[in-house]
Amino acid sequence: MASLIIKKLKEKNLNIHFLAIGGENIKSQEIDCIFDIKDIAFMGLIDVLKNLFSIREKINLTAKKIIEFNPDVLLSIDSPDFSFRVLNKIKKINGKIKTIHLVAPQVWAWREKRKKVLYKFIDHLLLLFPFEKNYFDGFIRNSFVGHPFFDFSVFKINKLENKTNKYLTLCPGSRSSELKTFMPIFVEVIKKINLNKNFLFHIPTSENNKNFINDYLKKSKIDNFIITTTENEKNFYIKDSILTISKSGTITLDICKNQCPLIVVYKTSWLNYLLIKPFIKTKFGNILNIIAQKKIIPELIQDKCNSDEIYKLAKEFIDNELFGKELVTEYTKILKTMIVPNSLERISNYIIE
């Protein structure tokens with residue numbers, strides 16, 4: 001998301017100097033980075049607690065570098081527990097720096113009281129979805145900008161076509177903790193499917209994780225797989241897959257864009273789950289299900305996120321392609337309501353105003 005915004009700002013031919021926390025996409029634009037975003041990509045409360053000292057160091061380092069850089073505008077994106085602590089430090093040191101935050105905290109899902117303190121360190125909150133205004137109006141200046149991922153210039157829904165090749169995509173996530181959680185489950189799913197069907201399993205990932213996934217599958221005596229690391233390759237194989245089984249996250253929107261039937265899975269440690277569950281107010285994890293207020297895309301969460309349950313559901317899609325086509329038709333109706341024509345333009349205008 002950040003790389004798309006930077007690209008849009010550069011298109012305006014403005015004399016802007018950037019400093020960022022970024023991954024591969026931002027670094028490819030030759031932007032100076034304080035550190036790589038993966039250094040703070042922790043999954044679950046327990047994972048965060050284990051790395052608390054490291055996270056605190058990164059927060060202090062980020063605030064220090066920003067103050068030294070002395071920007072006119074500070075744009076933070078998502079990661080509220082990290083971003084808000086940095087913003088709070090910055091505002092206390094230099095209140096003249098304009099702070100903008102993109103991706104509102106999910107107060108409609110949990111910890112709603114957070115919205116009451118955001119005004120202390122955020123000058124302008126940019127919202128991805130129109131329903132969020134109901135939660136923030138009266139508490140903080142906010143504007144609906146739409147999701148950059150759904151900008152017409154970036155996001156185009158591919159045509160629903162018959163799946164002629166026997167590809168099946170698996171998306172285990174990008175964090176090391178996610179790979180450790182989902183790769184063992186996905187390996188068992190592959191083995192179960194291999195007993196009955198002969199698929200080529202496609203796993204999209206980053207260059208950093210490619211060797212880990214390749215070695216893991218080889219050690220598991222699986223050889224009918226292909227790993228992709230580029231956007232074009234990823235989209236090509238997802239579009240032609242009969243099904244994608246994906247860890248919950250932004251990747252699911254890519255899958256929907258490519259009109260592929262989808263099963264969403266999510267699992268964390270039981271301690272994490274027990275600590276978080278009492279605060280969650282929504283029934284669903286996938287944003288399309290949340291907007292629709294019903295389960296359109298199947299979700300297998302926590303105890304249901306196991307190889308037996310995933311295989312049983314996947315087999316329904318494999319045995320009946322009409323089942324998958326009906327799912328795609330239904331989620332596309334919701335998807336089309338989210339597409340905005342000028343999200344990146346709106347965001348860039350708020351940044352430079």
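The lining of the second largest cavity divides into three nonpolar, one polar and three charged residues. Here Ala, Val, Leu, Ile, Met, Phe, Trp, Tyr, Cys and Pro count as nonpolar, Asp, Glu, Lys and Arg as charged, and the others, Gly among them, as polar. The model is predicted: local features need pLDDT of at least 70, side-chain atom pairs count only at pLDDT 80 or more, and totals for chains, interfaces and linings use all residues. Residues are numbered from 1 along each chain as its sequence is written, and side-chain values use heavy atoms, without hydrogens and water.

The second largest cavity has a volume of about 30 Å³. Ile 193, Asn 196, Lys 197, Tyr 311, Lys 315, Ile 318 and Asp 319 form its lining. A cavity is a set of points on a 1 Å grid over the protein atoms alone where a 1.4 Å probe fits but cannot get out, and lining residues have an atom within 4 Å of a point. Points join across faces, edges and corners, and the volume is the space filled by probe spheres set on them. Helix H13 gives the most to this lining, with four residues. Helices are DSSP runs (H or I, at least four residues), numbered from the N terminus.

In total there are two cavities of 30 Å³ or more. Helix H14 supplies the largest share, four residues.

H13 (residues 307-319) and H14 (residues 321-338) also meet each other. Their axes come within 4 Å and cross at roughly 100 degrees. Axes are lines fitted to C-alpha atoms over the stretch in contact, and angles run from 0 to 180 degrees between N-to-C directions. H13 and H14 are therefore roughly perpendicular (65 to 115 degrees; under 35 is roughly parallel, over 145 roughly antiparallel, the rest oblique). Glu 316, Phe 317 and Asp 319 in H13 contact Glu 321, Phe 323, Gly 324 and Leu 327 in H14, with contact meaning heavy atoms within 4.5 Å. This contact holds three nonpolar, one polar and three charged residues.

Helix H4 (residues 52-69) packs against helix H5 (residues 80-93) at about 40 degrees, with axes 9 Å apart. H4 is therefore oblique to H5. From H4, the contact takes in Ile 55, Lys 58, Ile 59, Asn 60, Thr 62, Ala 63, Ile 66 and Ile 67; from H5, Phe 82, Arg 85, Val 86, Lys 89, Ile 90 and Ile 93. Nine of these residues are nonpolar, two polar and three charged.

Helix H1 (residues 2-11) and helix H15 (residues 343-352) pack at about 70 degrees, with axes 9 Å apart. H1 is thus roughly perpendicular to H15. Leu 4, Ile 5, Lys 8 and Leu 9 of H1 meet Leu 344, Glu 345, Ile 347, Ser 348, Ile 351 and Ile 352 of H15. Seven nonpolar, one polar and two charged residues make up the contact.

Technical notes
Helices (H or I, at least four residues) and strands (E, at least two) are DSSP runs, numbered from the N terminus. On a 1 Å grid over the protein atoms alone, a cavity is a set of points where a 1.4 Å probe fits but cannot get out, and a pocket is an open set with protein on both sides within 12 Å along at least five of seven lines; lining residues have an atom within 4 Å of a point.
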